[in-house]
Amino acid sequence: MRGKFITFEGGEGSGKSTHASMLAQRLKALDIDCVLTREPGGSTGAEIVRHIILSGIAKPLGAETETILFAAARDDHVRMTIEPALAAGKWVISDRFIDSTRVYQGALGKVDMKLIRSLERVTVGATMPDLTFVLDVPTIVGLARAKSRRGSGAADRFESESTEYHDDLRRGFLVLAEREPKRIVVIDGRAPRDVVAEKIWDTVESRLLGAETAAP
Ligand code: T5A
């Protein structure tokens with residue numbers, strides 16, 4: 001049986017990496033084989049593109065070029081990591097995926113949604129997430145968490161944008177969730193880690209594990 005595909009989305013420091021990893025551990029404890037991955041990155045070619053984008057050297061080339069770079073990374077990630085794992089019956093958990101492009105490059109970068117959707121068709125095709133969590137935290141909380149985790153290291157290309165930019169990001173993810181309630185579930189990320197993890201687990205159980213065990 002084909003595996004399930006779950007993605008985590010949201011602003012900087014909202015807890016995506018933390019909860020993607022906690023969910024993977026919980027699934028593994030149930031003997032569910034699962035692959036934990038991330039975007040940009042998640043395959044050899046995509047990790048090279050990640051370095052180029054997050055260093056900021058592609059920023060002067062404009063938002064369209066950055067969008068194409070994210071798409072190139074995604075294409076490699078889907079073909080080399082995600083699709084083979086799903087086909088082998090493994091679950092895949094990705095820290096960011098298509099909704100990040102829709103919000104960062106589309107809603108905020110003002111890249112034409114027609115271009116974004118065309119690139120999705122080419123790179124993602126039918127490999128759409130079964131379930132997406134948007135972790136929602138106020139900007140001030142997310143940036144403080146990202147900063148404390150980063151320590152004295154430099155902020156990346158997107159983390160160093162203004163507070164208004166991060167407020168718009170937050171709104172952008174909430175708008176996507178309103179449009180696709182069957183796929184996207186918004187989780188209040190302000191709560192303590194274990195509380196957030198429990199809400200995520202309840203959703204996975206009822207939407208994905210429940211569906212499997214209920215099948216004849
Ligand atoms: N991007 C990406 C695009 O523009 N377009 C795209 O198509 C894609 C795919 C990626 C950047 O690329 C952009 C978006 C991003 O700007 P990244 O380095 O991968 O950059 O960074 P982020 O994805 O933003 O991830 P962060 O690491 O900043 O944030 P996370 O993963 O949301 O947060 P996490 O889990 O590392 O947590 C941060 C800190 O908070 C603590 C954690 O322990 C950690 O210290 N924490 C909590 N503390 C208290 N209570 C809780 N509930 C907590 N949850 C976590």
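The largest pocket of this predicted model is the space taken by the ligand. A pocket is here an open set of points on a 1 Å grid over the protein atoms alone, with protein on both sides within 12 Å along at least five of seven lines, and a molecule sits in a pocket if more than half of its atoms lie within 2 Å of its grid points. The elements that give two or more residues to the shell around the ligand are the helices H1 (16–29), H2 (44–55), H3 (63–87), H4 (98–108) and H6 (139–150), and H4 gives the most, with four residues. Helices are DSSP runs of H or I with at least four residues and strands are runs of E with at least two, numbered from the N terminus.

Around the ligand there are 27 residues, of which Lys16, Ser17, Thr18, Thr101 and Arg149 come nearest; a residue counts as near if one of its heavy atoms lies within 4 Å of the molecule.

Several polar contacts, that is, pairs of N or O atoms within 3.5 Å, can be followed residue by residue. A polar side-chain atom of Arg74 lies 3.2 Å from a ligand oxygen atom, while an N or O atom in the side chain of Gln105 is 2.8 Å from a nitrogen atom of the ligand. Ala191 takes part through its backbone, with a polar atom 2.9 Å from a ligand nitrogen atom. Taken alone the ligand exposes 1000 Å², and the protein buries 88% of that, with accessible areas from the Shrake-Rupley method and a 1.4 Å probe.

The protein chain as a whole comes to eight helices and five strands, which follow one another along the sequence as β-α-β-α-α-β-α-α-β-α-α-β-α. Its radius of gyration of 17 Å agrees with the value near 17 Å of a compact globule, because the chain has 216 residues and the globule rule, applied to a radius taken over C-alpha atoms, is 2.2 Å times the number of residues to the power 0.38.

Two loops deserve a look at the backbone. In the loop between H1 and E2, Asp31 has a positive phi near 65° although it is not a glycine. In the loop between strand E2 (34–38) and H2 lies Pro40, and the peptide bond to it from Glu39 is cis, with omega near -10°.

Residues are numbered from 1 along each chain as its sequence is written, and side-chain values use heavy atoms, with hydrogens and water left out. Because the model is predicted, local features need pLDDT of at least 70 and side-chain atom pairs count only at pLDDT 80 or more, whereas totals for chains, interfaces and linings use all residues.

Conventions: Polar contact = N/O pair within 3.5 Å; in protein donor to acceptor, adjacent residues only side chain to side chain. 1 Å grid on protein atoms, 1.4 Å probe; cavity = no way out; pocket = protein on both sides within 12 Å on 5 of 7 lines; lining within 4 Å.
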